[in-house]
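Work through the exercises below with the sequence and the structure at hand. Each task is followed by its solution.

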Amino acid sequence: MTATPLTSTQGAGRAGDKVFSGAALAAGCLILAVLFGVALFLVIQAIPALTAPAGKIQGGQGFFAYIWPIVLGTLIAAVIALVIATPIAIGVALFISHFAPRGLASGLGYVVDLLAAIPSVVYGAWGAAFLAKEIAPAYGWLASNMGWLPIFAGPASTTGKTILTAGIVLAVMVLPIITSLSREIFLQTPKLHEEAALALGATRWEMIKMAVLPFARPGIISAVMLGLGRALGETMAVALVLSSGALTASLIQSGNQTIAAEIALNFPEASGLKVSTLIAAGLVLFIITLAVNMIARWVITQHKEFSGAN
Amino acid sequence: MTSTLTPVRSKRSALTKGQLPRYAPYAVLAAALIVGAAIMALLGFNPFGWGLVSALLFAIGLVSWSAAVEGSRKAKDKLATCLVVGSFLVALLPLVSVIWTVLVNGIPGLIDPGFLTTSMNGVTGAFDNKAVESGGPVMGGIYHALLGTVQITLLATVISVPVGLLTAVYLVEYGHDGRLAKAITFFVDVMTGIPSIVAGLFAAAFFFVVVGPGTKTGAVAAVALSVLMIPVVVRSSEEMLKIVPNELREAAYALGVRKWRTILKVVIPTAISGIASGVTLAIARVIGETAPILVTAGFATSINSNVFGGWMASLPTFIYTQILNPTSPSNPDPSSQRAWGAALVLIILVMILNLVARLIARIFAPKTGR
């Protein structure tokens, strides 16, 4: 008598519970399936290129001879971007977290986020139309004064459309990523550590060196890794800025190419084996960025209890 | 009494001895600006070089003065401060430069009659040559690209929001930090880092296998954008659901409300402002993506309002093709004017979305809680 009405009236509710939790579970699994599907479908479409006879691949020397120079080009562009962006990003993050007046800090953080909001194609257009022109004289100077370094070997590009320009544009694009992650971590530094350092008579820089930076080191490393992931996969900045060509050591001549730009420039007109070659190149890029991101996330989870990032 | 105090007041207190006076940075800055201007006057003046030289002189002057008066520790502190402030100013340069470039180049394109209401259908190089030679108006516009961007982004949102929101609900309400929940969290984080072009290739490869080789439509592009959008939606909704106070859930359970009704009627309405602003930010992020649309939707020059058939234009790919392959190769100026006009429209769209996200978060924020 008492139990039956309760269970019978709630039959519908129980079904709703099942449906809803099932839907939530399915959505979660769908995400795993999508990531798995990304890998699977890329592999399916890439197989023809990987198994094709060497002569049929672009360049005529097989897939690995084709992919090797553009993998190196991708790494060169990403390394340039990180070398430029990392110190500046850490400086900006420190400025917002520890130097700027308290009232200004959140507004300044928003300004840096604006950098991240600008679409990549606009950065590419800016790099091609403005930066390349402005920076070309500097390349001429580098070639004539520091040409003995292989990376600055002349003759310098007169249009400025070089891998170094592309790297600078990439640096601008990864800067907000590294900045916002490092800022989060700098703000998590235990206040007591900072105050203890200041109370012992440390200057502000000594306090940062002794309390903030050691605490934030794993966070900075993973922020840089995430920036690296972004720089590796960024397409438009390179496709629009770089006048591509064969692999060269000189950063101030036209030449070099990155995987993402190679795909973007050739995929729309590609057909047949060329499509699977490009998809195979995308697979290589996917594996590289996946490895970089997984290492970065792993570093973050290792230090989660300290940093609280993400 | 007064005779013993006056000498102390006129000299500097023992506590502040060995410190730079408070006006020191301003004095050094003024000196640096003047000397910098003098140096630049000798070399040939330009404002950028003046700023750079003055900044260097300021840093050197302040640090060496500090080293002489205050000792090396304070000098190092001043040097670090100079570097940190300098890096912030350096980071502002590209932002200002990009916005300035887009405004200067974009406004002529934007105020061209018909720019927002016509497509590129039938606009050939001959028209552009004529516009350059006779100085007439630049033909063609971005209506087709605007329409494509709105349609593709809308479809991507329709796909991503239910999936992302349900996943966030699973993680917060059902996952209990189990193995599956941990795996999903980890892979959602990894998914945030997928290069956008790889997402495009995935959607292209998927439809090549399922529908047939060479399938390029707006819907494929929407799937590609969803791959990029879902992780952003999951992360932001998860954060928002997590901060819903547990007391609200327990109160609902205590009244005998089922779990799914609790989630639908109590938890999600409480967090809806944060979720909505997160979704808006996710839209702002994918609306500017170029590479995935380039490999999935091709580029059309005419209006195509069918997402499921035929190539489709979008604002980012429009900018890209107008710059890389001008409509008239001999006279690229009209094309670049259109490209910059489209870039200005795109930036305005993104900024509006960012602003709307902030407004939503502020206006619909729950009265209690944060």
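**Exercise 1.** Find what share of the contacts in chain B between residues at least 6 apart in sequence join residues at least 24 apart.

Solution. Two residues are in contact if their C-beta atoms, placed from the backbone, lie within 7 Å. Take the contacts in chain B between residues at least 6 apart in sequence; 77% of them join residues at least 24 apart. This is a predicted model, in which local features need pLDDT of at least 70 and side-chain atom pairs count only at pLDDT 80 or more, while totals for chains, interfaces and linings use all residues. Residues are numbered from 1 along each chain as its sequence is written, and chains are lettered from A and ligands numbered from 1 in the order in which they are written.

**Exercise 2.** Describe the secondary structure and the spread of chain B.

Solution. Start with the elements: chain B has 14 helices and 0 strands, where helices (H or I, at least four residues) and strands (E, at least two) are DSSP runs numbered from the N terminus. Next, take the radius of gyration over C-alpha atoms and compare it with the globule rule, 2.2 Å times the number of residues to the power 0.38. For the 370 residues of chain B the rule gives 21 Å, and the radius of gyration is 29 Å, well over that value, so chain B is more spread out than a compact globule. Along the principal axes, its C-alpha atoms fill a box of roughly 95 × 80 × 35 Å.

**Exercise 3.** Determine how many residues of chain A touch chain B, and which helix of chain A gives the largest share.

Solution. Count both sides: 70 residues of chain A are in contact with 70 residues of chain B. Then sort the chain A side by element: helix H2 (residues 11-51) of chain A gives the largest share, 21 residues. Finally, sort that side by class: 51 residues are nonpolar, 15 polar and 4 charged. Here Ala, Val, Leu, Ile, Met, Phe, Trp, Tyr, Cys and Pro count as nonpolar, Asp, Glu, Lys and Arg as charged, and the others, Gly among them, as polar.

**Exercise 4.** Work out how helix H8 (residues 204-233) of chain A packs on helix H4 (residues 72-110) of chain B.

Solution. The axes of the two helices are 7 Å apart, at an angle of about 80°. Axes are lines fitted to C-alpha atoms, for helices over the stretch in contact, and angles run from 0 to 180 degrees between N-to-C directions. H8(A) is therefore roughly perpendicular to H4(B), a term for angles of 65 to 115 degrees. A:Arg204, A:Trp205 and A:Glu206 in H8(A) meet B:Arg73, B:Lys76, B:Asp77 and B:Ala80 in H4(B). By class, this contact has 2 nonpolar, no polar and 5 charged residues.

Definitions and conventions:
Parallel < 35°, antiparallel > 145°, perpendicular 65-115°, else oblique.
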